[in-house]
Amino acid sequence: MLFNITRSVARSACRLSYRAPVATHVPRAMAVGSTRAFAAAQKPKMEDGTLEGRYATALFMASSGRLETVYNDLVVIRTMMQESKEFKLAIETPGVDPESKLVAFEAICKKAGTDAAVINFMKVLVENKRAHLLSKMIDLFENFYRAEKGLVLCKVTSAAPLSSAQQGQVKDAVQKRAEKGATLIMEYNTNPALLGGLVVKMGEAVLDFSVTTRLERLQTQLLAPVA
């Protein structure tokens, strides 16, 4: 039901309210007020100096005491963007009238019961013409959230699907390499090009035990000039 409303509202915004992009100015007082409000808030445990990262950091700091709720609301919005082309288009198209975007966002968020911090965040993105960066901002906020909760994404890629028992063995082995107290979020994928073995990406660390890599190393050794 919610996705039907999303498509309807977003379609109307795109169809009826197209205008040429016009630069907008955000009052300096607004930025100063926001900075003061965030000054006492907790910063994320990891940093990202990109434009998207600064916005995601601001939202994280505004989510004090409601981090779980805000994160879940952002996941819902990301899912809607993935499942509704109209909603994604309404967000990412610069030429859609900002007022129509705000109307669409508020209608959708009201129906979904979205937290006020997320609604205000969406308004700021529209006013600052940064709504097209929302997907990246949500991904970064998710990184901040996981770091705060001690959650570590672990992507395991194998040549063929692993059985439940094999997945358990891999998780146990990787858990021993993780920091104490960390909770692994396991994600299993397949890539026949690996030929065999595994490639494990845990956070920023990559452990490559694939047959393909072993063959490449062997080939390099065989082609190296003999001393």
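Modeller: Here is a walk through the salt bridges, pair by pair.
This is a predicted model: local features need pLDDT of at least 70, side-chain atom pairs count only at pLDDT 80 or more, and totals for chains, interfaces and linings use all residues. Residues are numbered from 1 along each chain as its sequence is written, and side-chain values use heavy atoms, with hydrogens and water left out.
The mean pLDDT (the predictor's confidence in each residue, from 0 to 100) of the protein chain is 82.
The structure holds seven salt bridges. A salt bridge is a side-chain nitrogen of Lys or Arg within 4 Å of a carboxyl oxygen of Asp or Glu.
Take R66 and D115, which pair at 3.0 Å, N to O. The two are 49 residues apart and link distant parts of the chain. R66 sits in the loop between α3 (51–61) and α4 (67–83), D115 in the loop between α6 (98–112) and α7 (116–127). Helices are DSSP runs (H or I, at least four residues), numbered from the N terminus. R66 is partly exposed at 32% relative accessibility; D115 is buried at 13%. Buried means under 20% relative accessible area, exposed over 50%, partly exposed in between (1.4 Å probe, protein chains only).
R78 and E142 form a salt bridge at 2.9 Å, N to O. R78 lies in helix α4 and E142 in helix α8 (residues 134–149), 64 residues apart. Both are buried.
E92 and K88 have their closest N and O atoms 2.8 Å apart. They are separated by about one helical turn because they lie four residues apart in helix α5 (residues 85–92). E92 is partly exposed at 28%, and K88 is partly exposed at 32%.
Finally, salt bridges with shared partners join R78, D139, E142 and R146 into one network.
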